[in-house]
Every structure is written in structure tokens, then in C-alpha cells.
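Try each task before reading its solution.

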Amino acid sequence: MVKQLKTNSETDFREVRFAGLRFTPLSVDQTVSALEQRLADAPFAAFVTPNAEHAYLRRGNTEFRTAGDTCWISTNDSRVLRRAGLLAGLDLDFAPGAYVVDKLVRNGIARDEPVTIIGATPEIVAALKDQFGFSRLQQHIPPMGMIHNDAAVRAATDFIVTNPARFVFIAMGPPQSEQFCQRVIADGRATGIGLCIGSSLSVLTGSSDPAPAWMERSGTVWAYRLIKEPRRLWRRYLVRGMLAMGLCVGDIVRIRLGLKTVAADG
């Protein structure tokens, strides 16, 4: 039996744990609505979208693991994980970063509202201005591997503090985006919500080459990406992904046998 889910006291979002990951099972619409309703001057918090790779990245990375366990919203970014969850009688829902960003940018942000971007490229920022009419975009591009550079982390944090915005797009990819948000939260000066959205802005502006729609629907985007960039991505999908699948199978068996609760502290 699936036990009563834990509730987050601040937001009343349900929280569940599956394959070692913590989720707040929300749809795209529910996620965007929650993001829109959060006060702009609320203390800085993080929005993350875990997928199978996150299960691997949590191993040996305490800061990344803490980010996933304590962030404000953690929505499922994987159709494969959702299907695995259903086998355990658990619906993780599906709200990937690219879908959330698309709806938020198109409908949830005023064109004259300040928006801060950490990472991405000047070309993407220019495309956001040209395609969507944003007039108050502020971008800071940190150096590669910035999370290992204390001065670079301070500079990026200072930029968020001096350019306050309701939405702060953290476009550096895992685990760096999530770790950086943890540093900003620990600093204590910033406000807004840090959106750890990887390459979602590239997808939105057409700067990247998305998978065909049928692959999106079937959950085989990973295969498309692997074929496109085998040397860069084979470890992510064939090694890290297999570890996550093993965790899924283990949880399916334990939950079905009543040996494991899906509550976030279980």
C-alpha cells in the first residue's frame, strides 16, 4: 500500500521519494501557477526538475543532494521515471523544465518585468528580447566550473542580489545549478526563485535542436540525444541512467511488498 504522502508545511505541496529522488508531484499548470503566486520579495528558494541522471549525481555530492531534498519545488522531468513510478502505484506527474519555462515565459512574466539570468549565452538573451519582447533582462555569465571558484560564486550571488527579480533563471545544468542555488540560499541576501532549468532557454528560443514530437511523447528523447552526441552523452544515458533504473526496480518491489513508504522522509 502507498502510505499518506508527506506535506510541505510552507507550501502544502505533496512530497514523495522514489528512486532516491524527492518529488513534489505537480503538473505543468500547477507548477507555473505556484511560481507565479510566490511573492517576489520572498527569500530566495530553488525550483529543480530531477530526472534519472539526478539519481546518479546525488551519490557522493552532499550539496547537490541537499538541494534536491530541501528545494521549494521538485518536479519530475522524466517520462521514464513517471512510468516506473506508476508500476509502484505512484503518479509522479510530469512537469519538465522546458515545458514549465515555455509556459512561464509565454504567459507568466510581464514583458517589462525584471528577469535575471545566470549562465546561457548573449545570443539566447538577445533571442528572448527579440522573440518575446522582454525589456529588462539582466545576464551574468560565470566562468566554466564556477562552483569550484569561490570568487565566481560570490560574483554571481552579488549579481542576483543587486538585480532582484521574481524569476532567476539558472542555466548551467546539473549539478552546478542546484549547488549554486544552495550557496545563494546560504548567503541569505537574495530574493526570488532560482529556476534550475538547464538548456530550457535554448529550447524555447530555438537555439537547440529538439527531438521530434513523437519521441517526446514516447519518452525516447534520450535515444535521440544519444545518437546526436554519443561521445558526450553515453555515460549519462548508458551508465548513470542504468543506475537510476536499478533504483526504480528496487523501489517498485519494496513499495509493492509494503516494505517501503513513499513519504519524502521514508
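**Exercise 1. Is Val239 buried or exposed, or in between?**

Val239 has a relative accessible area of 41%, so it counts as partly exposed (buried is under 20%, exposed over 50%, partly exposed in between; 1.4 Å probe, protein chains only). Residues are numbered from 1 along each chain as its sequence is written. Bear in mind that this is a predicted model, where local features need pLDDT of at least 70, side-chain atom pairs count only at pLDDT 80 or more, and totals for chains, interfaces and linings use all residues, while side-chain values use heavy atoms, without hydrogens and water.

**Exercise 2. Find the helix that holds Val239.**

Look in helix H12, which spans residues 230-256 (helices are DSSP runs of H or I, at least four residues, numbered from the N terminus).

**Exercise 3. Which aromatic pairs can you find?**

Step 1: a search of the whole structure gives three aromatic pairs (ring centres within 6.5 Å, using the six-membered ring of Trp; planes under 30 degrees apart are stacked, over 60 edge-to-face, the rest tilted).
Step 2: one of them joins Phe94 and Tyr99, edge-to-face, at 5.7 Å centre to centre and 80° between the planes. Phe94 is buried at 12% relative accessible area, whereas Tyr99 is partly exposed at 31%.
Step 3: Phe132 and Phe134 make a tilted pair, 6.4 Å centre to centre with 35° between the planes; both residues are buried.

Technical notes:
Helix = DSSP H or I, 4+ residues; strand = E, 2+ residues; numbered from the N terminus.
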